[in-house]
Amino acid sequence: MEQIGGLLREYRYETMLSRDDFAREYGISRSLVERAERGMPVHFLTYLRLADIYCIPVWQLFEGVE
């Protein structure tokens, strides 16, 4: 899950938005963004939402995760 979190963090960095600004822009909570980026457990629908925001297929988040 840490790999997924790191990938999500990289994608957010590319948007040049802080966690607060990202959360506000996309209508999700800052704590949810933080949990996902730290590799903490989040609901699968959260990954679907984040993949949609980043315009990537959800499988790409899980590629290479063991």
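Arg12 touches Leu17, Ser18, Arg19, Phe22, Val33, Glu37 and Tyr54, when residues up to four places away in sequence are not counted, a touch or contact being defined by heavy atoms within 4.5 Å. The residue has its place in helix H1, where helices (H or I, at least four residues) are DSSP runs, numbered from the N terminus. At 6% relative accessibility, Arg12 counts as buried, the classes being buried for under 20% relative accessible area, exposed for over 50% and partly exposed in between (1.4 Å probe, protein chains only). The model is a predicted one, in which local features need pLDDT of at least 70 and side-chain atom pairs count only at pLDDT 80 or more, whereas totals for chains, interfaces and linings use all residues. Residues are numbered from 1 along each chain as its sequence is written, and side-chain values use heavy atoms, with hydrogens and water left out.

Helix H1 itself has 14 residues and reaches 20 Å from its first C-alpha to its last, close to the 20 Å expected at 1.5 Å a residue; the expected span is 1.5 Å times one less than the number of residues of the helix. Its buried residues are Ile4, Gly5, Gly6, Leu8, Tyr11 and Arg12, and the buried residues of H1 pack against H2, H3, H4 and helix H5 (58-62).

Two packed helices are described by the angle between their axes and the distance between the axes. The axes of H1 (residues 2-15) and H3 (residues 30-37) come within 7 Å and cross at roughly 125°, with axes taken as lines fitted to C-alpha atoms, for helices over the stretch in contact, and with angles running from 0 to 180 degrees between N-to-C directions. On the side of H1 the contact is made by Gly5, Gly6, Leu8, Arg9 and Arg12, and on the side of H3 by Val33, Ala36 and Glu37. These residues divide into three nonpolar, two polar and three charged, where Ala, Val, Leu, Ile, Met, Phe, Trp, Tyr, Cys and Pro count as nonpolar, Asp, Glu, Lys and Arg as charged, and the others, Gly among them, as polar.

The largest nonpolar core has 16 residues, and those with the most contacts inside it are Leu8, Phe22, Leu50, Tyr54 and Leu61; such a core is a set of buried Ala, Val, Leu, Ile, Met, Phe, Trp, Tyr and Cys residues joined through side-chain atoms within 4.5 Å. At least two residues of this core are supplied by each of H1, helix H2 (19-26), H3 and helix H4 (44-53), and the largest share, four residues, comes from H4.

Leu50, in helix H4, counts as buried at 4% relative accessibility and, leaving aside its neighbours within four places in sequence, is in contact with Leu8, Phe22, Ile28 and Ala36. The C-alpha atoms of Leu50 and Val33, which lie 17 residues apart along the chain, are separated by 8.9 Å. Tyr47, also found in helix H4, counts as buried at 2% relative accessibility. Beyond its neighbours within four places in sequence, Tyr47 is in contact with Met1, Ile4, Leu8, Met40, Val42, Val58, Leu61 and Phe62. Tyr47 and Leu61 are 14 residues apart in sequence and, C-alpha to C-alpha, 8.0 Å apart in space.

Most residues other than glycine have a negative phi. Cys55 has its place in the loop between H4 and H5 and is exposed, with a relative accessible area of 69%.

In the segment after H5, Gly64 is found, and at 55% relative accessibility Gly64 counts as exposed. Gly64 and Val42 are 22 residues apart in sequence, and the distance between them in space is 19 Å, C-alpha to C-alpha.
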